[in-house]
Amino acid sequence: MKRTIGVLAKEVSVGIETIRFYEQKGLISQPVKPDIGYRIYPDSIVKEIIFIKRVKALGFTLSETKKLLNIKELQCHDMESLAHDKIRVVREKIAGLVKLQRGLELVISTCESNPDKHSCPVINSLYA
């Protein structure tokens, strides 16, 4: 089957722009364009895009994904180390979100208990 960029995009469930972006960032290689016709994408590109999507779903950045794509002999301990680093970042983000949640809950509580409906102590404190 001749897999043009449009066919490839449908096959891997991404937009054509996403494929072009991956090419620009060096995550996948762009096939040579023949003198007549369209670029034809090989099976290996399908596998690479599926890999990229799965790694992205695990929270890895594009630069981390590029490293993973370029390391053909990645050992399990290497992947474990990357996963430990990533989970540390996730935990930091969760802690930040919990702090944000508590702050917003305090705003709600303060507003709900405010007897003066013409003045908001939260807004006033933000200006102070």
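**Salt bridges**

I searched the whole structure, a predicted model, and found four salt bridges. I counted a side-chain nitrogen of Lys or Arg within 4 Å of a carboxyl oxygen of Asp or Glu. In this predicted model, local features need pLDDT of at least 70 and side-chain atom pairs pLDDT 80 or more, while totals for chains, interfaces and linings use all residues. Numbering runs from 1 along each chain as its sequence is written, and side-chain values use heavy atoms, without hydrogens or water.

I looked at Arg 3 first. Its side chain meets that of Glu 11 in a salt bridge, 2.7 Å from N to O. Arg 3 is buried, at 6% relative accessible area; Glu 11 is partly exposed, at 38%. (Buried is under 20%, exposed over 50%, partly exposed in between, with a 1.4 Å probe and protein chains only.) Arg 3, Glu 11 and Asp 43 are linked in a salt-bridge network.

Next I took Glu 64 and Lys 86. Their closest N and O atoms are 2.9 Å apart in a salt bridge. This pair links distant parts of the chain, 22 residues apart: Glu 64 is in helix 4 (residues 62-70) and Lys 86 in helix 5 (residues 76-112). Helices are DSSP runs of H or I with at least four residues, numbered from the N terminus. Glu 64 is partly exposed at 25%, whereas Lys 86 is buried at 11%.

I also noted Glu 92 with Arg 88, a salt bridge of 3.2 Å, N to O. Both lie in helix 5, four residues apart, about one turn. Glu 92 is partly exposed at 48%, and Arg 88 is partly exposed at 43%.

**Glu 23**

Glu 23 sits in helix 2 (residues 16-24).

**Helices 1 and 2**

I checked the packing of helix 1 (residues 5-12) on helix 2. The angle is about 100°, with the axes 8 Å apart. Helix 1 is therefore roughly perpendicular to helix 2, a label for angles of 65 to 115 degrees. Axes are lines fitted to C-alpha atoms over the stretch in contact, and angles run from 0 to 180 degrees between N-to-C directions.

Note on methods. Helices (H or I, at least four residues) and strands (E, at least two) are DSSP runs, numbered from the N terminus. Angles under 35 degrees count as roughly parallel, over 145 as roughly antiparallel, 65 to 115 as roughly perpendicular and the rest as oblique.
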